[in-house]
Amino acid sequence: MPTEKVPLDLLLFPTWIVPVEPAGVVLRDHGLGIRDGRIALLAPRAEALRHPATETRELPGMLLSPGLINAHGHAAMSLFRGLADDLALMTWLQEHIWPSEAKWVSEDFVRDGTELAIAEQLKGGITCFSDMYFFPQVACEVVHKAGVRAQISVPVLDFPIPGARDADEAIRQGLALRDDLKHHPRIKVAFGPHAPYTVSDDKLENILMLAEELDAGIHMHVHETAFEVQQAVEKHGERPLARLHRLGLLGPRFQAVHMTQVNDEDLVMLVETNSSVVHCPESNLKLASGFCPVERLGQAGVNIAIGTDGAASNNDLDLLGETRTAALLAKAVAGQATALDAHRALRMATLNGARALGMEQETGSLELGKSADLTAFDLSGLAQQPVYEPVSQVIYASGRDCVRHVWVGGKQLLDNGKLTRLDEERLIAVAGEWGRRIAGA
């Protein structure tokens with residue numbers, strides 16, 4: 001007889017369950033039970049069947065994993081997808097993206113672009129994403145309505161941006177937003193100083209003080225290119241990461257995005273401060289920004305997550321594809337075929353992302369008590385046969401078209417490839433209208 005009288009809300013029986021923690025484990029012939037939005041049972045099939053459940057679903061040929069976590073992006077920039085391709089980073093930014101943002105970015109732009117990005121991410125198995133873009137309060141509204149999980153980083157720069165006249169106003173808005181959402185079950189508000197070359201010391205010191213007081217994350221582009229590092233050394237006599245370390249920003253709350261330039265001193269600082277690195281391989285490749293030394297960082301103990309960056313520089317929000325690229329690129333950069341194996345790659349796209357965002361107690365692995373943030377990958381297709389090692393098949397032989405189901409907090413947001421809360425046809429039409437307006441300007 002079951003020892004638990006309260007029935008499970010949902011009992012899932014996939015062919016494989018990959019909990020991610022403990023590492024390297026693949027469970028076969030097991031069930032996962034959900035109650036009140038949390039994982040309440042993970043047990044062999046025979047034992048799981050002894051627990052009453054309101055709903056039971058068989059998922060033959062599917063692998064159930066934690067939902068993917070996109071640890072860096074600019075969601076609303078989905079509406080700039082393909083606008084200025086095949087250009088150098090600073091040319092792309094200064095001559096195309098920044099002028100376009102100044103002309104077009106508004107609350108409506110952010111609302112429509114963020115909703116488009118969330119829909120794309122859900123269809124690709126992403127249950128949580130980190131966003132750094134203008135009008136963050138609008139992004140929070142869209143996240144709340146869509147049912148996903150997110151870290152919303154309030155952008156801070158020394159010059160005026162859409163929605164904020166200066167850095168002080170952006171910080172004030174961020175504090176108010178964080179206060180409004182401090183008890184929200186799925187949204188965390190963080191500080192997003194754009195980059196070392198766009199934020200002054202006094203503003204960084206203010207952000208650090210507030211982040212420590214509020215236990216908030218700090219999300220920042222760092223060492224994206226060799227030019228950025230060289231310019232900083234020529235102007236200020238120190239590398240950007242060293243400057244951030246001197247100011248006290250590095251630490252468990254700090255999320256260093258890109259880090260394509262890492263010397264021995266940088267590595268020591270990252271390790272000693274327990275800072276996280278967010279790796280965006282496809283954006284770095286497309287903009288020729290450089291290569292993050294993932295294997296070297298990982299072997300030293302640095303927590304490395306994966307991000308897509310924005311769709312304007314990627315050009316998709318496909319974290320599964322990003323993870324495959326990360327695994328392959330890590331091998332080439334390290335010169336070792338054993339670098340970043342499939343299990344470690346999946347961990348980077350799930351639990352490592354949760355740790356970087358300060359959410360590892362809530363999501364990132366399939367452990368009892370954690371939120372039921374789940375993705376089911378269908379490995380029954382022709383291109384996945386035969387299945388010797390299912391995690392390898394997910395990373396190396398599958399695309400986001402294999403994503404069948406997604407749950408966040410136990411609520412199903414993707415059912416057999418169909419969005420349950422968002423209207424895909426409407427989103428396509430709205431994005432098309434934005435595209436016609438921007439292209440015709």
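A residue is termed buried when its relative accessible area is under 20%, exposed when it is over 50%, and partly exposed in between (1.4 Å probe, protein chains only). The structure described here is a predicted model, in which local features need pLDDT of at least 70 and side-chain atom pairs count only at pLDDT 80 or more, while totals for chains, interfaces and linings use all residues. Residues are numbered from 1 along each chain as its sequence is written, and side-chain values use heavy atoms, with hydrogens and water left out.

The chain contains 16 helices and 17 strands, where helices (H or I, at least four residues) and strands (E, at least two) are DSSP runs numbered from the N terminus. Its radius of gyration is 21 Å, close to the 22 Å given by the globule rule for 441 residues, so the chain is as compact as a globular protein of that length. Here the radius of gyration is taken over C-alpha atoms, and the globule rule is 2.2 Å times the number of residues to the power 0.38. Along the principal axes, the C-alpha atoms fill a box of roughly 70 × 45 × 45 Å. Of the 441 residues, 58% are buried. Contacts (heavy atoms within 4.5 Å) between residues at least 6 apart in sequence join residues at least 24 apart in 73% of cases.

An unreviewed UniProt entry lists residues 64-412 as "domain: Amidohydrolase-related"; UniProt positions are given in the numbering used here, feature names are shortened, and annotations may be inferred rather than shown by experiment.

Asp373 lies in the loop between helix H14 (351-356) and strand S14 (374-378) and is buried, at 2% relative accessibility. A polar atom of the Asp373 side chain lies 2.8 Å from the backbone nitrogen of Gly409. Beyond residues up to four places away in sequence, Asp373 touches Ser65, Pro66, Gly67, Thr127, Arg149, Thr363, Leu366, Trp407, Val408 and Gly409. Asn70, in strand S6 (residues 68-70), is likewise buried, at 2% relative accessibility. Apart from neighbours within four places in sequence, the contacts of Asn70 include Gln121, Cys128, Ser130, Thr308 and Leu319.

Asp112 is found in helix H3. Its side chain makes a polar contact of 2.9 Å with the side chain of Trp434; a polar contact is a pair of N or O atoms within 3.5 Å, of which, within protein, one must be able to donate a hydrogen and the other to accept it, and residues adjacent in sequence count only if both atoms are side-chain atoms. With neighbours within four places in sequence left aside, Asp112 is in contact with Leu79, Val430 and Trp434. The C-alpha atoms of Asp112 and Val142 are 8.8 Å apart in space, although the two residues are 30 residues apart in sequence.

Side chains of opposite charge can pair when their charged atoms come close. The whole structure holds 25 salt bridges, each being a side-chain nitrogen of Lys or Arg within 4 Å of a carboxyl oxygen of Asp or Glu. One of these joins Glu424 and Lys123 (3.0 Å, N to O). This pair links distant parts of the chain, with Glu424 in helix H16 (residues 424-439) and Lys123 in helix H3 (residues 107-123), 301 residues apart. Glu424 is partly exposed at 34% relative accessibility, and Lys123 is partly exposed at 28%. A salt bridge also forms between Arg253 and Asp215, whose closest N and O atoms are 3.0 Å apart. Because Arg253 lies in the loop between helix H8 (240-247) and strand S11 (254-258), and Asp215 in the loop between helix H6 (201-214) and strand S10 (218-222), the pair ties together parts 38 residues apart in sequence. Asp215 is exposed, at 52% relative accessibility, whereas Arg253 is partly exposed, at 31%.

The structure holds zero disulfides, a disulfide being a pair of cysteine sulfur atoms within 2.5 Å. The sulfur of Cys292 is 9.1 Å from the closest cysteine sulfur, that of Cys280, which is too far for a bond. Cys292 is buried, with a relative accessible area of 3%, and Cys402 is buried, with 6%.
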